[in-house]
Amino acid sequence: MSSERVPVELCKGINGLEKVVLREVRGSSAELYLYGGHVTSWKNDHGEELLFVSSKAIFKPPKAIRGGIPICFPQFGNQGSLEPHGFARNRFWSIDADPPPFPTNSSSRAFIDLILKPSEEDMKIWPYSYEFRLRVALGPGGDLMLTSRIRNTSTEGKLLTFTFAYHTYFSVSDISEVRVEGLETLDYLDNLQNKERFTEQGDAITFESEVDKIYVSTPTKIAILDHEKKRTFVIRKDGLPDAVVWNPWDKKAKAMADFGDDEYKHMLCVEAAAVEKPITLKPGEEWRGRQELSAVPSSYCSGQLDPQKVLNF
């Protein structure tokens, strides 16, 4: 059997960091680093890369990897006393050889289970006990599924409170040709205006300047339409009521050392999240947050997506 067909392979990635390669029988693939439990690649069965990773990304601890799917836990952004987006994305995760039972409707063998527990050092900066289990799976059709299960393992009766996001960077042909559907008329908190609350207009969202918004009470499906590539990403999510939309645009891009000056044109973050209302778990309780990503050809009629084909199928 050629290595190309092995569904799960552990190997060395950039700078010798350990990574896992998942391969589906029809040709799609995904890669994730144990550093950060961080998905850095998702390719369709034509070998086209669907996630954006900066050409200047620094694959060197303690810096988080710029692009792919960083996991923001236990704090999203600067909403707390920890470093921005928490510390899960710059810790080394372990492969979970014996995860608890996992109800799944996928027959795919291309999956991996990782686990993160707090170290003694972590307990000094955030004194809470938890087990964070992450399953990354490739479905038979090339869909990418991430399921997080976070359990409060406190033996002292302590509540566990956190915010969370899958900070997914999608690869797009040209940000000015992209639109997002599914967030129309919803309320959002604008991070560029001190988290002031606004209501989105009724049209699909398009991009012509920096955007950093937290949409609240969002639907379980959101679509990203890439007009030039005639490709639509569909995000399906569960347990994650919010959706963060972010593009740094030119000035912020130039200010980031690990981000190319013009790379903002080729990426868009749409992040399944639980941010506005933090999750609180009693000892022994478990929370689950799941996102499933798929990429489908889009059909256009006078610039409009056929919604039957994406948001309702």
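The paragraphs below follow the salt bridges of this predicted model, from the total to individual pairs.

Side chains of opposite charge can pair when their charged atoms come close. In this structure there are 19 salt bridges, and some of the residues involved belong to a network, in which D96, K117, E131 and R133 are linked by salt bridges.

E131 belongs to strand β8, which covers residues 130-138, whereas K117 sits in the loop between β7 (111-116) and α1 (120-125), so the contact ties together parts of the chain that are 14 residues apart in sequence. The two partners can also be described by their accessibility: E131 has a relative accessible area of 19% and is buried, because the limit for that class is under 20%, while K117, with a relative accessible area of 49%, is partly exposed.

E131 also forms a salt bridge with R133, and here the closest N and O atoms are 2.7 Å apart. In this pair R133 is buried, as is E131.

Another salt bridge joins the side chains of E286 and R151, with 3.4 Å from N to O. This pair links distant parts of the chain, since E286 lies in strand β21 (residues 286-297) and R151 in strand β9 (residues 144-152), 135 residues apart. As for accessibility, E286 is partly exposed at a relative accessibility of 33%, and R151, with a relative accessible area of 30%, is likewise partly exposed.

Technical notes:
Residues are numbered from 1 along each chain as its sequence is written. This is a predicted model: local features need pLDDT of at least 70, side-chain atom pairs count only at pLDDT 80 or more; totals for chains, interfaces and linings use all residues. Side-chain values use heavy atoms; hydrogens and water are left out. A salt bridge is a side-chain nitrogen of Lys or Arg within 4 Å of a carboxyl oxygen of Asp or Glu. Helices (H or I, at least four residues) and strands (E, at least two) are DSSP runs, numbered from the N terminus. Buried means under 20% relative accessible area, exposed over 50%, partly exposed in between (1.4 Å probe, protein chains only).
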